Amino acid sequence: MGENIKVFQSKESMIHSLAEAIVDLARRKAEATGRFTVALSGGSTPKPLYESFASSQYLHKIPWDKVFFFFGDERCVPHDSEDSNYHMVHEAILSKVPVPAENIFPTEMQDVNPEASAELYEKTIKKFFALGENQLPRFDLMLLGLGPDGHTASLFPGTKALEERQRLVVSNYVEKMSTHRITLTLPVINNSENIIFVVAGHDKAPVIAHILGEKTADQHLYPAQLVKATDGSLKWYLDREAYQECQSHACQH
Ligand code: 6PG
């Protein structure tokens, strides 16, 4: 097992360890640079992690006025929809902690015009990071989940967004779900200072074995394999169930 793969006996212990690491990172970055920029994953796995940040254990340890929240991807639904990643994060953290509203950057118009929403989000990111032409943002933390098909953010197998190397944000049509998604692109994800995958459950074991073990030749089959820290760090937080098929593969990263 590579030093960048951390395996935990339970999802709870994985979440606790990851919460400790993120709180420490947030405090160090806020101290060093005056801010902590994070792009959050959607999905169900990270929800207890997000809820823990609002718990008494961490609520007063995080410099909320220095934390800036972005979204790695978003579904093309209203923000009050149960399917919205923003909705999930708002319920789990944002509605419970003293983070200034101006520190939160949800997508806009995602439910009415995905292409315009992606362009708007890209403008928002460029403005926040004061980017010049062809410059990439550098998030302090890019938190990613992993689908059983190897997708991450909304970079699904066989979709156009996998090829995108210029844009920061795109609207990505996902045939198998008959829907568009808004997603950060690989250049943005890979330019992050700290990329962390958080993966739990036996249904993810086969894809973890492919990605960390066999290194499937066709990387577009498992988009998460295209995530490589350009010059930052890439870590995997896994529970035992997600790692279980790696026992028979030489899983390295
Ligand atoms: C989303 C996420 C997506 C998610 C994976 C895993 O919008 O759904 O960004 O990439 O991380 O689908 O989801 P689970 O954690 O629910 O398995």
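At 12% relative accessibility, Phe129 counts as buried (buried means under 20% relative accessible area, exposed over 50%, partly exposed in between, with a 1.4 Å probe and protein chains only). Before going on, a word on ground rules: this is a predicted model, where local features need pLDDT of at least 70, side-chain atom pairs count only at pLDDT 80 or more, and totals for chains, interfaces and linings use all residues. Residues are numbered from 1 along each chain as its sequence is written, and side-chain values use heavy atoms, with hydrogens and water left out.

Now for the rings. Searching the whole structure turns up 12 aromatic pairs; rings of Phe, Tyr and Trp (its six-membered ring) pair if their centres lie within 6.5 Å, and planes under 30 degrees apart count as stacked, over 60 as edge-to-face and the rest as tilted. One of these pairs is Phe105 with Phe128, edge-to-face at 5.3 Å centre to centre and 65° between the planes. Phe105 sits in the loop between helix H3 (85-94) and helix H4 (114-128), while Phe128 belongs to helix H4, so the pair ties together parts that are 23 residues apart in sequence. (Helices, H or I with at least four residues, and strands, E with at least two, are DSSP runs numbered from the N terminus.) Phe105 is buried at 16% relative accessible area, and Phe128 is buried at 18%. Phe128 also pairs edge-to-face with Phe129, at 5.0 Å centre to centre and 75° between the planes. Ring pairs link Phe68, Phe70, Phe105, Phe128, Phe129 and Phe139 into a cluster.

Grid points are joined across faces, edges and corners, and a volume is the space filled by probe spheres set on the points.

By this rule there is 1 cavity of 30 Å³ or more. The largest cavity has a volume of about 110 Å³. It is lined by 15 residues, with Ile22, Phe36, Phe53, Val67 and Phe69 closest to its centre. The lining splits into 15 nonpolar, no polar and no charged residues (Ala, Val, Leu, Ile, Met, Phe, Trp, Tyr, Cys and Pro count as nonpolar, Asp, Glu, Lys and Arg as charged, and the others, Gly among them, as polar).

The largest pocket takes up about 300 Å³. Its lining has 22 residues, and Gly42, Gly43, Ser44, Leu146 and His151 lie nearest its centre. By class, that lining has 8 nonpolar, 10 polar and 4 charged residues.

Conventions
On a 1 Å grid over the protein atoms alone, a cavity is a set of points where a 1.4 Å probe fits but cannot get out, and a pocket is an open set with protein on both sides within 12 Å along at least five of seven lines; lining residues have an atom within 4 Å of a point.
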